[in-house]
Amino acid sequence: MPSTAIPTTNGEGNNNNVSHLVPVPIPEPAPNFDPSTLPDASSPSLILTHPTPAERARTWRLTHPMWGPALTEKDYLAREAYLTTVPLARNGGITHWILTVRDMPPDARPVLSSCESIRKKAISVRDGKVTEGVCHGIASVFTDPVYRGRGYASRMMSELGRVLKGWQAGEEGALFSVLYSDIGKQFYAKHGWAPFESSHVAIRPRKREEGVKEVAVPIGYHELAELACVDERLLRKDLASRRDGRTHVALLPELDAFLWHMMREDFMTKCIFGRTPTVRGAVAGKPGQRVWAIWMRGYYGGLKKMEGNTLHVLRVVVEDENRPNEELVDGLRSIIRIAQHEAAEWFAQEIHVWNPPPKVKFLIEKTGIEFEFVNRDKDSIASLMWYSEGPAEEVNWVANEKYAWC
Ligand SMILES: CC(C)(COP(=O)(O)OP(=O)(O)OC[C@H]1O[C@@H](n2cnc3c(N)ncnc32)[C@H](O)[C@@H]1OP(=O)(O)O)[C@@H](O)C(=O)NCCC(=O)NCCS
């Protein structure tokens, strides 16, 4: 157990039972194929298609040690199934993909590589002209160790990049797709996803100091809807004002984009701690002059180790950047202190704020709170495939923050 006491704040007691969810049957092991007898990665007999439920569950069993070590295998399988039912993913918003052999029967064919995509709302703006559209977020790219190094993930990604342009996006097609590479910048760049800024501010947790009165107040679930609406309106206004001949794009910071993270967080904290958090961020200032941050806790170490447990700031918003800096700094300092306390309470090793824009970075520096600025070169490299004219590198990805991750 962590040394810090975890607060019971939702009145649910210490019940880490998620067994009321429909259990995912543990599938039979995958059929065994000798890789040397399988088609070459360039073979026309390979196809990009969708897995059966059993093929999907077999893949989850394989990915559990890598992406679900904070959970038991049973809970990880249940989480992955649950994550097909939450905002963004539900009603077909998530699609599972596999590369396999065209003429072999489902459930008796090799899954040569796999991944998933989630449909999200996005906009692209150039000199005030707004295009509403779809962005696909790609996640969980995985090849069974026995099939690795044979070009199967490469084949899958090169097909997927093309297919996603026309996937669930109407006649106009998707605007772009994004992914977050944990294997550096080269692999996905080779297949058309250009690396974008991938930095973060890292802050250590800290218990609340006695007697310090905060100017910020915690944000709960019920406040998210209004904040997401204001955020989207401000972001749209900002993009529309950029008339510099460049294309500016953003994934919309809409309520569902936050709920996806929070329901994932709820599932994990329920399994790990037996309860769910109530503090989802913090806000300071009067309406119209507010500063806020929304966050979620992500776990890879679980209770076994703190490493890999992070309180991720999903989004920071400064409603009016023209307010006096001292006021904004006071608000942000208080917000960060609440985040530090939450991180300490919930067994997180660090707080991460992804790609803070210059004004937010300036304000963080002025708070006097100790932080480290990290430029990532291997993990979570934000990467974008652009589906319109011109190279992806010329596109300006605005609000490239953690809320866009999946
Ligand atoms: C990454 C992965 C999907 C590649 O699958 P694969 O079918 O072996 O891929 P391919 O044979 O098409 O290509 C292998 C390429 O990936 C690169 N690669 C694999 N693992 C890598 C790593 N950890 N770091 C950097 N590059 C890596 C190889 O160097 C090789 O590069 P090359 O094309 O220049 O030769 C597979 O190794 C895997 O499932 N790893 C564990 C899960 C993972 O990390 N997924 C990526 C999450 S973003």
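Analyst: The account below takes the ligand site and then the sheet.

This is a predicted model, in which local features need pLDDT of at least 70 and side-chain atom pairs pLDDT 80 or more, while totals for chains, interfaces and linings use all residues. Residues are numbered from 1 along each chain as its sequence is written, and side-chain values use heavy atoms, without hydrogens or water.

The ligand is surrounded by 19 residues, with Val141, Gly149, Gly151, Ser154 and Lys190 the closest; a residue is near if one of its heavy atoms lies within 4 Å. By class, the shell holds 10 nonpolar, 5 polar and 4 charged residues, Gly being counted as polar. Helix H1 (53-67), strand S4 (129-142), helix H3 (152-165), strand S5 (176-181) and helix H4 (186-190) each contribute at least two shell residues; helices (H or I, at least four residues) and strands (E, at least two) are DSSP runs.

Polar contacts are pairs of N or O atoms within 3.5 Å. From the side chain of Arg148, an N or O atom lies 3.4 Å from a ligand oxygen. Of the 900 Å² of accessible area that the ligand has on its own, the protein covers 67% (Shrake-Rupley method, 1.4 Å probe).

The sheet is open and mixed, with 7 strands in the order S8-S10-S11-S12-S13-S7-S14; paired strands share at least two DSSP bridges. Strands S8 (217-219) and S14 (372-375) are the edges, each with a single partner strand, so one side of each has no neighbour in the sheet. Strand S7 (residues 199-203) pairs with S14 in the antiparallel sense over 4 bridges, and His200 stands opposite Val374 in S14.

Helix H6 (residues 255-273) lies across S11 (291-298) and S12 (310-318), at about 40° to S11; angles, from 0 to 180 degrees, are between N-to-C directions of axes fitted to C-alpha atoms, and contact means heavy atoms within 4.5 Å.

Technical notes:
Polar contact = N/O pair within 3.5 Å; in protein donor to acceptor, adjacent residues only side chain to side chain.
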